[in-house]
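Welcome, and take a moment to turn the model around before reading on. The notes below walk through a few of its features, topic by topic.

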Amino acid sequence: MSNIPSDLKYAKSHEWVRLSGDTATVGITDHAQHELTDIVFVELPAVGRQVKAGEACAVVESVKTASDIYSPVSGEITAVNAAVVDNPALVNTAPHTDGWFYKIKLNQAAELNTLLSPDDYQKQIGG
Amino acid sequence: MLQRTALYSAHQRLGAKLIDFGGWEMPVQYTSITDEHLAVRNAAGLFDISHMGEVTVSGSGAEAFLNSVLTNDIRKLASGQGQYTLMCNPAGGVIDDLYAYRLSVTVYLLIINASRIAVDVAWLQAQAAKFTGGELNLTDASHHYAAIAVQGPRVKEFINAVIPGASASIFHVAAVTDLQKNQIAGFHFDNHNILVARTGYTGEDGFEILGPDGDVQHLWEKLLTLGQPFGIKPAGLGARDTLRTEVCYPLYGHELDENTTPIEAGVGYFVALDKGDFNGRSILSQQKATGVKKKCVAFKMTDKSAPPRPHYPIWANGVNVGQVVSGTQSPSLNVGIGMGYVPPELAKPETQLEIEIRGRRFAAVVVPKPIYHKP
């Protein structure tokens, strides 16, 4: 049974978004890390990069496969989590907290309305 | 519709993640590839290998026939012994790699790759049709056998309790653990005959066991129960792949294909040029004498990078020189490892290479095979 924190919004492609002012923190969900298992490498976007919602902007690799991570929202990358690059297992152990990927300054705030609520995400993963 | 093995419902009960592997719905992992991998290296792991194919070849001509279609010398096998060998086309390209066991003077069992069963059987039948050296019966017995592999350094501590007693056929041993590497014998289990071989695909000690569906289902449960105090875990194809990559065992479709010879793949040790004629011999003999254009090397990443993966380009001195065929993060060594084909002048250990990963190149170094050694 996946942990689905109630204060986050979710993308269908299994990223979460935590909003603080006009900046969002993005990571991958507990369900996603559980499906990937054994994350051994994380590649994050450069700070300053402009990304569009739905754009592949990070990669997580498990022992078996490489998976693209799609930005749930559009904007400019303002920070990335160096700790998760040094210790990719953080994505497995703390996907919603220490295992965050990047912070992004939103330029299309209305996109937040297209993201899933915790209940809807729960329905999507059949949890 | 994917084919399912006799252990399909056992995999479901264990919560396995199932994938399509060569037309079979097989477990890729139960909990974590890393945990399953380390269980095999340190204790024991249990694999379903029922998808693999079995062909029996018998008759007075069986030995001569097999020696004409396989690269290793089958005459070296006494009853109860097996060998790794390859089946080549006339150009020396590998049709399949396999294990050949001699079950009696005139009966052999071939264990072939799941993805190659149809191709292998058609090829063997075509070769058999041209064979005039004696009586020959060739049977695809793939549907008669389920199979499991139990692998790891602690397996020998509980296997005799799972399959008690002396062997009943092929070759006499007082207990399963009296089998030596590459030996095979028949044992009674639940009043049926099963075949037990001391072989595997992980670089660890262990056994591969073939039998009827019901017995293999029972064996699976009994191994998990009696192996539990020794740390046994069910292990999926994900761990099977990382384990074999660490010890550089080839996998058909990666290191081996019909356009690659055993010499190029680095398994020339299993090509017996001195045994008389066989398919591919003239090309293989020429390659052994004068060299090859590509060679399969093992490498380790030396830059911090994502794990290497199949099809990633290999570079040396600014030139794209080849391609990765197998690659992964090594759970034992915690570094990116792989195998790939490069020109022979770049095949020496300590040669510096670069692996291209998503458009960027990262340093790697050629290392001797196997990549992983038991501590």
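In this predicted model, H2(B) passes H7(B) in a right-handed crossing; a crossing is right-handed if the near helix is turned clockwise from the far one by less than a right angle, and left-handed if anticlockwise. Local features need pLDDT of at least 70 and side-chain atom pairs count only at pLDDT 80 or more, while totals for chains, interfaces and linings use all residues. Residues are numbered from 1 along each chain as its sequence is written, and chains are lettered from A and ligands numbered from 1 in the order in which they are written.

**The helix pair**
- Helix H2 (residues 33-42) and helix H7 (residues 237-246), both of chain B, pack at an angle of about 55° with their axes 8 Å apart.
- That makes H2(B) oblique to H7(B); angles under 35 degrees count as roughly parallel, over 145 as roughly antiparallel, 65 to 115 as roughly perpendicular and the rest as oblique.
- Axes are lines fitted to C-alpha atoms, for helices over the stretch in contact, and angles run from 0 to 180 degrees between N-to-C directions.
- From H2(B), B:Ile33, B:Glu36, B:His37 and B:Val40 meet B:Gly238, B:Ala239, B:Thr242 and B:Leu243 of H7(B).
- By class, this contact of H2(B) with H7(B) has four nonpolar, three polar and one charged residues.

**Chain B as a whole**
- Chain B has nine helices and 19 strands, taken as DSSP runs (H or I, at least four residues, for helices; E, at least two, for strands) numbered from the N terminus.
- The radius of gyration of chain B, taken over C-alpha atoms, is 21 Å, close to the 21 Å that the globule rule gives for 375 residues, so chain B is as compact as a globular protein of that length. The globule rule is 2.2 Å times the number of residues to the power 0.38.
- The C-alpha trace of chain B spans about 65 × 55 × 40 Å along its principal axes.

**Burial around H3(B)**
- Of the 375 residues of chain B, 50% count as buried, with 20 or more other C-beta atoms, placed from the backbone, within 10 Å of their own.
- In helix H3 (residues 62-69) of chain B, the buried residues are B:Ala62, B:Phe65, B:Leu66, B:Asn67 and B:Val69.
- Among the elements of chain B that cover them are strand S5 (81-88) and helix H4 (117-130).

**Where the chains meet**
- Chain A brings ten residues to the contact and chain B brings 13 residues; two residues are in contact if their C-beta atoms, placed from the backbone, lie within 7 Å.
- S4(A) gives the most to the side of chain A that touches chain B, with three residues.

Conventions: Nonpolar A, V, L, I, M, F, W, Y, C, P; charged D, E, K, R; others polar. Buried ≥ 20, exposed ≤ 12 C-beta atoms within 10 Å, placed from the backbone.
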